[in-house]
Amino acid sequence: DGSVVTWGHPDYGGNSSSVQDQLKNVQQLQATTFAFAAILADGSVVTWGHPDYGGNSSSVQDQLKNVQQLQATTFAFAAILADGSV
């Protein structure tokens with residue numbers, strides 16, 4: 001049904017309660033070492049986990065629209081948008 005269940009260390013993505021109400025219709029998940037990012041059906045992105053590892057996307061949230069794919073490294077995420085930009 002596109003929902004997400006998390007467990008593990010609460011500081012590193014194991015607790016998604018702060019974003020649980022946003023985690024609906026999840027299409028894809030990616031993870032850095034200590035954070036997760038979810039693409040929703042509407043092309044938006046929800047992140048949680050350690051902010052230094054990509055868990056806080058507030059500074060780029062306005063750009064995370066029409067996301068087609070996410071890629072992750074140890075410390076960061078990159079989003080490919082519908083127009084092919086990154």
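Student: What is the relative accessible area of Asn25?

Tutor: Asn25 has a relative accessible area of 45%, so it is partly exposed. Buried means under 20%, and exposed means over 50%. Keep in mind that this is a predicted model.

Student: Where does Asn25 lie, and what is its phi?

Tutor: Start with the general idea. Most residues other than glycine have a negative phi. Now the case here. Asn25 lies in the segment before strand 1. Its phi is positive, about 60°, although Asn25 is not a glycine.

Student: Which loop holds Asn66, and what is the phi of Asn66?

Tutor: Asn66 sits in the loop between strand 3 and strand 4. Its phi is near 60°, a positive value in a residue other than glycine. Asn66 has 48% relative accessibility, so it counts as partly exposed.

Student: Let us turn to the sheet. In what order do the three strands stand?

Tutor: The general idea is that strands of a sheet pair through backbone hydrogen bonds, either parallel or antiparallel. In this model, three strands form an open sheet in the order 1-2-3. The pairing is antiparallel.

Student: Why is one side of strand 1 and of strand 3 left without a neighbour in the sheet?

Tutor: Strand 1 (26-31) and strand 3 stand at the edges. Each has a single partner strand, so one side of each lacks a neighbour in the sheet. From one strand to the next, the twist averages 20°.

Student: How many bridges join strand 2 to strand 3?

Tutor: Five bridges join strand 2 (residues 35-40) to strand 3, and the two run antiparallel. Look at Ala35: it stands opposite Gly49 in strand 3.

Student: Now the rings. How many aromatic pairs does a search of the whole structure find?

Tutor: The search finds four. To read a pair, take two values: the distance between ring centres and the angle between planes. Planes under 30 degrees apart count as stacked, over 60 as edge-to-face and the rest as tilted. One of the pairs is Tyr12 with Phe34, at 4.3 Å centre to centre and 35° between the planes. That pair is tilted.

Student: Which parts of the chain does the pair of Tyr12 and Phe34 link?

Tutor: Distant parts. Tyr12 is in the segment before strand 1, and Phe34 is in the loop between strand 1 and strand 2, 22 residues apart. Tyr12 has 32% relative accessibility and counts as partly exposed. Phe34, at 26%, also counts as partly exposed.

Student: Why is the pair of Tyr53 and Phe75 tilted?

Tutor: The ring centres of Tyr53 and Phe75 are 5.2 Å apart and the planes are at 35°, so the pair is tilted. Tyr53 is in the loop between strand 3 and strand 4 (67-72), while Phe75 is in the loop between strand 4 and strand 5. They are 22 residues apart. Tyr53 counts as buried at 19% relative accessibility, whereas Phe75 is exposed at 51%. Tyr12, Phe34, Tyr53 and Phe75 form one aromatic cluster.

Student: Last, the pockets. What is the volume of the largest pocket?

Tutor: The general idea is to roll a probe the size of a water molecule over the atoms, which shows where empty space is left. Here the largest pocket has a volume of about 290 Å³. Its lining has 15 residues, and the closest to its centre are Val60, Leu64, Phe77, Ala78 and Ala79.

Student: Which strand gives the largest share of that lining?

Tutor: Strand 5 does, with four residues. The lining of the largest pocket divides into ten nonpolar residues, five polar and no charged.

Definitions and conventions. Residues numbered from 1 in each chain as written. Predicted model: local features only at pLDDT ≥ 70, side-chain atom pairs only at ≥ 80, totals over all residues. Heavy atoms only, no water. 1 Å grid on protein atoms, 1.4 Å probe; cavity = no way out; pocket = protein on both sides within 12 Å on 5 of 7 lines; lining within 4 Å. Points joined across faces, edges and corners; volume = space filled by probe spheres on them. Nonpolar A, V, L, I, M, F, W, Y, C, P; charged D, E, K, R; others polar. Pairing = 2+ DSSP bridges. Axes fitted to C-alpha atoms, helices over the stretch in contact; angles between N-to-C directions. Phe/Tyr/Trp six-rings, centres within 6.5 Å; stacked < 30°, edge-to-face > 60°. Buried < 20%, exposed > 50% of the residue type's maximum accessible area, 1.4 Å probe, protein only.
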